[in-house]
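Dear colleague,

Please read them with the model open beside you.

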Amino acid sequence: MLTETDARPRTLADLPEVQSDSLLQLIALCNADPRPEKIDVGVGVFRDGEGRTPILKVTKEAEQRLLDTQETKAYLGGRGDKRFAELIGPVLLGEHASRPGVDGVQTPGGCGALRLGFQLLAQINPDARVLLGTPTWPNHAPIIDGVGLEVEEYPYYERGQAVIRFDAMMDAIRGARPGDVVLLHGCCHNPTGADLDFDQWRDVTRAVNERGLIPFVDIAYQGLGLGLEEDAAGLRHLFAECEEVIVAQSCDKNFSCYRDRVGSLWIKSGSKETTARAMVHTLQNAREMWSMPPDHGAATVRIILDDAELRARWLVELAAIRERINSVRDHIAGADPRLTYIGRQFGMFSMLPLSKPQVVALRDEHSIYMADSGRFNVVGMADRDLDRFTTAVIEAMDG
Ligand SMILES: Cc1ncc(COP(=O)(O)O)c(C=O)c1O
């Protein structure tokens, strides 16, 4: 017999409370701060010297061409823009993009690619664990959790000395079960800025193969570190050496088209047939979630990459983004000996040697917003705010 409680139908009101992503909470806090001098180094978008996140000139032009020439918005199909994938593949993987057993599909940003990739891995082996170096981007664990795979954390970064804990990483890989997955940041590690060097990529590749693991590379910042080719060198080595690899790629930062949601998922297996079957599963999974990826951003990127002149101009604009990141890094690194490591790190993020109370004090007293972990967006502020920022950070470190 049903009790009174059992008989009551469940409603939306029965949903438990849930904490929203910490970075989303930070954005809300910053938006609510009325002080005009506030500095937002929490959110992960590039800002130029004026503090703006401009649309690239080349993107504006490609969008205009799209507007002028597009004759229909009829459905494109689950793969989205096939020419986009054909063009972004070599940017990401170089010559490996066209090898047999390699295929890529357009996704809604890097997030969409991560979700699709992990869902495929969960279908292959629901018992696989995913090795996740910490700290990492806060959305990794929820995405992995969301497909039912188990996360196995290992320490990736030593904050005190600002170095990668490479021994701990290798121990974790050597101790994993065959068939487990290892998630690697392709470049510009978020949140630490601490990237594997090429020798370390080689060691990781060897250990992954010896242990029979599946590597999954997340690369959301190609071209924002050392250069487009340099930032992909480790990934390409691993891609060439391992039989099965998954890669989630994003164009949202290197084409500055964040809200347009442009990315792709790449699958490599030992044969064309296996990859084709994996792709059928992937497209079915995508069909259940978003059916087809949004077109506008990928079509814009396709127009840029398909035109020699626009492509060359994109490379120049991307280089300017990279140069600004690296010059701000040098500036901050030169401000205090305790910050010199920031000049040796890559991409938009690094972590400051600050405790949570110090981070909160920066927020309350100086309206400087960064993640509680001390992670900050190196190019989150305008040039005019840079010295005020470093002075406040140094004060907080001293206090
Ligand atoms: C490490 C990492 N992976 C993936 C993504 C997802 O990028 P997208 O905005 O294209 O979904 C991000 C975005 O912040 C990221 O930092």
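In the largest nonpolar core of this predicted model, which has 94 residues, W314, I332, L352, M370 and F389 touch the most other members; such a core is a set of buried Ala, Val, Leu, Ile, Met, Phe, Trp, Tyr and Cys residues joined through side-chain atoms within 4.5 Å, where buried means under 20% relative accessible area (1.4 Å probe, protein chains only). Apart from it lies another core, of 26 residues, which includes A128, I143, L183 and A286. Leaving aside residues up to four places away in sequence, L352 is in contact (heavy atoms within 4.5 Å) with R159, L339, Y341, I342, M370, S373, G374, F376, F389 and V393.

F389 and V393 are also among the buried residues of helix α14, together with D385, L386, T390, A392, I394, A396 and M397, and their cover includes α12 (308-333) and α13 (356-366). Helices here are DSSP runs of H or I, at least four residues, numbered from the N terminus.

Residues are numbered from 1 along each chain as its sequence is written. Local features need pLDDT of at least 70 and side-chain atom pairs 80 or more, whereas totals for chains, interfaces and linings use all residues, and side-chain values use heavy atoms, without hydrogens and water.

With best regards

How values were computed: Buried < 20%, exposed > 50% of the residue type's maximum accessible area, 1.4 Å probe, protein only. Helix = DSSP H or I, 4+ residues; strand = E, 2+ residues; numbered from the N terminus.
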